[in-house]
Amino acid sequence: VLQVGKLTHHTGHRCSSAAGTCTYSEAHDETSEVCERKHPCMRGIGRLAPHVPAAQRGACACHRLPGTRPDPHPHPLGGNLMDTPASRACGIHAARLNLADYAANFSDAHPPLTKPQALIEAERCYYCHDAPCATACPTGIDIPSFIHRIAQDNNRGAARAILEANPLGGMCARVCPTEVLCEQACVRNTNEDKPVEIGSLQRYATDAFFAKPGAPLFQRAASTGKRVAVVGAGPAGLACAHGLSVRGHDVVLLEARPKLGGLNEYGLASYKTTDDFAQKEVEWLLSIGGIEVRTGQQLGRDITLDGLLQGFDAVFLGLGLQGVNALGVAEPTATGLRNAVDFIAELRQSTDLSTLPVGRRVVVIGGGMTAVDAAVQSRKLGAEDVTIVYRRGADAMSASPVEQQWAQTHGVKIRHWAAPQEVLSEGGAVKGVRFAATALSGGQLVETGETFVLDADMVLKAIGQTYVAEPAGASIALKSGRIVTDAEGCTSLARVWAGGDCRVGGRDLTVEAVEHGKVAAVSMHAALMAPAAKAA
């Protein structure tokens with residue numbers, strides 16, 4: 001049982017960097033988790049990466065690698081910062097932690113349920129008829145049905161109920177904001193303050209299936225002779241490709257990057273999807289057959305929409321959001337200023353976290369899930385001071401309250417009602433950001449006249465992304481900068497469907513993108529089998 005204790009102390013350090021010597025003294029109000037053996041620890045430290053010797057594995061951060069020295073100021077993430085110049089230095093540096101700390105910090109954020117835990121939790125479900133939780137799920141998973149099967153120890157049946165509604169149900173179980181979807185709708189909330197842990201149960205069932213898949217869950221229908229191009233192998237594109245292939249169509253999946261998965265592979269925090277799960281799920285999805293994968297194919301560079309329409313019977317666009325919003329102020333050409341999405345992607349693809357450089361003081365500008373993932377991972381890489389700054393209040397942040405709390409309990413500060421005014425740099429390197437205090441006046445966001453500066457050697461921009469329309473061309477209608485479709489994903493251009501984040505009106509959720517792809521596959525199948533009815 002973990003107990004949370006507050007530890008307040010003052011530190012004074014001097015550190016050297018290429019730019020010179022700096023002095024800082026600041027009060028730390030650190031929250032450390034303390035285990036029953038009374039040592040600072042992090043939940044999950046017992047599941048260290050394989051490269052950490054077995055003798056150093058254990059439940060507590062006191063299990064150190066040989067040669068490391070204890071720090072008088074324990075790191076709030078569990079484990080101690082190495083007492084070396086690299087760990088304390090100003091500027092951007094790699095190897096701020098030791099190997100055990102990296103392994104612990106980036107282990108599974110929410111460990112899976114054990115079998116006894118899953119069975120007990122499943123028995124809490126009322127198995128409602130017309131269940132509100134199922135209605136709240138964007139992909140319409142029959143939640144009472146799969147939970148009932150878990151209670152009967154029928155994990156394969158539970159996985160089937162999940163994956164037939166959501167072919168990326170394993171990843172969605174890890175990253176879906178269940179607290180504002182199915183679990184928020186759970187009737188257990190009426191008389192209790194704890195819903196059924198639907199997301200954890202969904203992960204339990206899908207993990208059990210992927211560990212021992214056995215015979216295929218789904219069989220591909222006889223070939224229809226129709227060929228479909230799916231551009232973009234993110235959640236929407238993968239779901240669409242799977243749905244089309246199951247119905248017998250031949251699919252060519254075109255992806256610009258080296259790996260499939262889109263956001264699941266490149267855009268989520270590493271601690272949310274460990275053990276290369278994103279690729280394992282992709283491999284299972286492709287095992288249905290009938291899907292040819294072509295990577296390194298970027299729309300507008302290697303392929304064109306006109307060319308695809310000439311060579312295929314239909315096209316699905318799952319292009320995502322490739323552009324990044326600017327800060328709205330001058331952005332100097334300086335080391336340390338970068339897009340948060342690029343930082344997250346680099347981290348996700350790293351095979352050695354100790355080689356990733358991070359600043360000692362990091363400022364993240366934005367209020368969404370990307371901002372939280374970038375900030376928490378900066379902290380887990382060894383940054384000592386990380387602050388998220390958002391122009392409005394907490395209620396306006398697109399990151400859920402659970403995600404905001406997750407950031408704060410991992411040592412990230414969140415400052416509201418402030419907008420960037422100037423990125424400060426010196427000698428070609430970022431040194432801080434000047435912010436203007438903001439407030440609402442007559443329903444409009446205005447600056448109050450007050451300003452303040454946050455020192456930083458790394459500034460991450462996480463203020464949203466945009467759809468880049470040029471690759472698809474001007475023949476597809478847009479609204480608010482994204483592709484306009486009907487409820488089935490049909491665009492203004494005949495034989496072209498679209499879904500995921502590039503489609504207008506969505507909530508930019510993985511689970512919603514999956515539903516877009518799933519619904520579009522049904523619509524495309526109907527059109528392909530009855531061209532006169534749908535593809536005029």
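Predicted model: local features only at pLDDT ≥ 70, side-chain atom pairs only at ≥ 80, totals over all residues.
# A first look at this chain

Strand 12 (residues 361-365) and strand 13 run parallel to one another and are paired over five bridges. The chain has 536 residues, and buried residues make up 51% of them. Its secondary structure comes to 19 helices and 22 strands.

**The chain as a whole**

- Among contacts in the chain with a separation of 6 or more, 67% are between residues 24 or more positions apart.
- The accessible surface of the chain is about 23400 Å², and carbon and sulfur atoms contribute 52% of that area.

**Strand 13 and its two partners**

- Because five of the five residues of strand 13 (residues 385-389) are buried, this strand is largely enclosed by the rest of the structure.
- In a regular strand, side chains alternate between the two faces of the sheet.
- Strand 13 can be read in this way: D385, T387 and V389 point one way, V386 and I388 point the other way, and all are buried.
- To get from strand 12 to strand 13, the chain passes through helix 16 (residues 369-380), making a right-handed β-α-β crossover.
- Strand 13 also runs parallel to strand 14 (residues 412-415), and four bridges join the two.
- Within that pairing, I388 has I414 of strand 14 as its bridge partner.
- The step from strand 13 to strand 14 goes through helix 17 (residues 401-409), and this β-α-β crossover is right-handed.

- Five strands with parallel pairing form an open sheet in the order 7-6-5-8-22.
- Strand 7 (291-295) and strand 22 (496-498) are the edges of this sheet; each has a single partner strand, so one side of each is left without a neighbour in the sheet.
- On average, neighbouring strands of this sheet are turned by 20° against each other, direction ignored.
- Helix 11 packs on the sheet, where it touches strand 5, strand 6, strand 7 and strand 8, and its direction makes about 165° with that of strand 6.

**Pairings inside that sheet**

- Strand 5 (residues 227-231) is mostly covered, with four of its five residues buried.
- One parallel partner of strand 5 is strand 6 (residues 250-255), paired over five bridges, and here R227 stands opposite D250 of strand 6.
- Together, strand 5, helix 11 (residues 235-246) and strand 6 form a right-handed β-α-β unit.
- Strand 5 also pairs in the parallel sense with strand 8 (residues 314-317), over four bridges, and V231 has L317 of strand 8 as its bridge partner.
- Strand 8 and strand 22 run parallel and are joined by three bridges, with F316 standing opposite W497 in strand 22.

**Helix 3 and its two sides**

- A118, E121 and A122 are the buried residues of helix 3 (residues 115-122).
- Looking down the axis of helix 3, these buried residues fall within an arc of 100°, so they line one face of the helix.
- An α-helix has 3.6 residues a turn, so residues three or four places apart point the same way.
- P116 and I120, on the other side of helix 3, are exposed.
- The buried residues of helix 3 pack against helix 5 (143-151) and helix 10 (198-211).

**Two residues to look up**

- Q202 lies in helix 10.
- With a relative accessible area of 9%, Q202 falls under the 20% cut-off and therefore counts as buried.
- Beyond its neighbours within four places in sequence, Q202 is in contact with I141, F146, I162, G169, C172 and A173.
- A134 belongs to helix 4 (residues 132-136).
- A134 has a relative accessibility of 19%, which is under 20%, so this residue counts as buried too.
- Leaving aside neighbours within four places in sequence, A134 is in contact with G140, I141 and I143.
- A134 and A185 are 51 residues apart in sequence, while their C-alpha atoms are 8.7 Å apart in space.

Notes. Residues numbered from 1 in each chain as written. Heavy atoms only, no water. Buried < 20%, exposed > 50% of the residue type's maximum accessible area, 1.4 Å probe, protein only. Arc of directions from axis to C-beta. Contact = heavy atoms within 4.5 Å. Pairing = 2+ DSSP bridges. Right-handed = clockwise from strand over helix to strand, strands pointing away. Areas by Shrake-Rupley, 256 points an atom, 1.4 Å probe, with all protein chains shown as cover. Axes fitted to C-alpha atoms, helices over the stretch in contact; angles between N-to-C directions.
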